[in-house]
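Open the model in your viewer and keep the selection tool ready. The stops below run from one selection to the next.

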Amino acid sequence: MTRKEMYHESLSNITSEQGGSLEVDPELDALRHIVSQTKGFYARDYSLWLGWNNMRYIIEAAVLHGRILNRTTIIPSYVYARACEFDNSVCAAYATMVNRGDATSTDEWRQLPLEKQMAWRIPVFLMFNLTHLRETHAVITVSEYLRLHNISADVETTNGRWDTDLYHRGVNIFSDSGVEPSLYVIKNELYDADIVRVDQLPQTMRERGGWNVTHGQVGSWTITEETVLSKALHDAMSSRASVLDWDTVLIVMGDRRDQNETESSSTSSIANTLEENGWEVLYTYGGACGSDAAKDVAVPIRQAAPRNLLRGLYEDFGFIEQDVLLLEGEVHLGRKPGALKFSTLESRERYTQTVLYDFRLTDNVVELADLLSNRMVEKAGGRMWMGAHMRRGDCHSVATLNWTMEPSFEAHLARIKRHLRDGRDILHFVHRGPLHTYKVPLGQADRTPLLLDPPADHDQFYIATDERDPTNLTYLRNQGAVLISDLLTTDDRRTFGWSLMLTDVLSVVEQATLAHAAYFYAHAHSSVAGGVVNLRASRGADPRTALLET
């Protein structure tokens, strides 16, 4: 019996005879339909102690893995908002307040005053449009998985880890035999230790590398003799590196750059030469200003790696038959978007589309950001307006990591204003056309820079910041800055809903607003700034109109 046949048969378990007709729980039926299109579930240990932009990055990668493996990706039912714009008790009236350290099993915030250790548990669908994502990807939440297995949602772990015991005590929805869902665990150390993890090994790559299948789809490469070029490429790698950046590849190969070559030139002489010498071209992202900390997908790049190091996620785990495939532990830090490299240009482009267009903001965020942008145009006298992200709230705890630009608040603002002045000059140039777009799929240039006049010398500018000291906020306004609280109205808050009181939700609104800015400046060591870059790329912004400084 096929899974689809088992799916239809299993509907009898959720129907009841009433008035001669069968009634089906529509929500449960919709979830069962999502799962029936795939071969099972893909689960992760989610790092719920991280902020939303890092969590989004992890969820994006999980959804990619689920698609590669033809599994329904399970994501957390909720995330934690880290602060309330009002007294804690106000937000606690709308969302469950928890001690963040207790909930996520970490002592990172123990040294803070107790009121600063609090967080608010909010549904993940408040942070992005889950309904839209499901139009193209099989995704359910942990609570929905539990419901499908007749397990109480109360057992969902508060720290995001997959409970390999309690989550497997329900009845398998694909069987009437009462069998609990089976589990296969990908050990953390087996994910990408000593290898280069890619999405899938194309058939042409398998053939030229002599891929030998050992069991299922797992295999190994035929050992080949090292050539002079392959040795030179190996020698150019740093001691802990497993890939080479493209510029280094070109230098080692004598800079045999084809002036007509593009990333889509799969038959380029350089790629052919690499392949003949046991290396492969890989596709990934460079990060805004070369910083992976921004976690954006707006800067596509190529790398090269020895073929014998490549292992496909599909080849290693696509044959697993257990109901739940769990990737154990943390695989977020130090990895490119998707937590792997792509073996083809097309597969990377598809992931870019997922991040930019399938992970869509909620409707209320989009509508409010449009309003706020229009108000900034009014404040700028009908001209283009500029904005910046100013990370300050956690400056004392992260200053040693160089995550804040300047220790002095005044120096930080002066730095921002200096770059916004440069941005104004750039906008005068961009205003004359032609417009450029980021190198992303489906990019269509936003024509606003051609339609509005560039900013004037003393126009106000927008600042998104986590700074909350009243003296510093007054200083910002006196220096020409406009803050989100200056733009929001009571009607805005009523229309949007209670979640706007939470800083993480408010930050998403600010990101969406900055996506409209004619010019945007921020520090590259921030996933908030990277999120803005992604939004700008999806809107067709000109890449010359944003600077993420390292």
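Two strands count as paired if DSSP finds at least two bridges between them. Helices (H or I, at least four residues) and strands (E, at least two) are DSSP runs, numbered from the N terminus. Residues are numbered from 1 along each chain as its sequence is written, and side-chain values use heavy atoms, with hydrogens and water left out. The model is predicted: local features need pLDDT of at least 70, side-chain atom pairs count only at pLDDT 80 or more, and totals for chains, interfaces and linings use all residues.

**Stop 1: strands around E7**

Select strand E5 (residues 78-81) and strand E7 (residues 118-123); four bridges join them, and they run antiparallel. Within this pairing, Tyr 80 has Arg 121 in E7 as its bridge partner.

**Stop 2: the disulfide**

How many disulfides does a search of the whole structure find? It finds one, where a disulfide is a pair of cysteine sulfur atoms within 2.5 Å. Select Cys 84 and Cys 91, whose sulfur atoms are 2.1 Å apart. The torsion about their S-S bond is about 80°, so the disulfide is right-handed. Buried means under 20% relative accessible area, exposed over 50%, and partly exposed in between (1.4 Å probe, protein chains only). Cys 84 is buried at 13%, and Cys 91 is buried at 1%.

**Stop 3: a three-stranded sheet**

Select strands E13, E14 and E15, which make an open sheet in the order E13-E15-E14 with antiparallel pairing. Its edge strands are E13 (244-245) and E14 (279-285), each pairing on one side only. Between E14 and E15 (residues 300-306) there are seven bridges.

Contact means heavy atoms within 4.5 Å; axes are lines fitted to C-alpha atoms, for helices over the stretch in contact, and angles run from 0 to 180 degrees between N-to-C directions. Helix H12 (residues 269-276) lies across E14 and E15, at about 125° to E14.

**Stop 4**

Which residues of H10 are buried? Leu 229, Ser 230 and Leu 233 are. Looking down the axis of H10, its buried residues fall within an arc of 100°, so they line one face of the helix. That arc is taken from the directions from the helix axis to the C-beta atoms. The cover over these buried residues includes E13, helix H11 (246-252), H12 and E14. Turn to the other side of H10 to find Val 228 and Asp 235 exposed.

**Stop 5: backbone points in loops**

Select Lys 295, in the loop between E14 and E15. Its phi is near 60°, a positive value in a residue other than glycine, and Lys 295 is buried at 14% relative accessible area. Ala 339 also has phi near 60°; find Ala 339 in the loop between strand E17 (324-327) and helix H14 (345-358). Ala 339 is buried, at 7% relative accessibility.

Finish at Pro 434, in the loop between helix H17 (409-430) and helix H18 (448-451). The peptide bond from Gly 433 to Pro 434 is cis, with omega near -5°.
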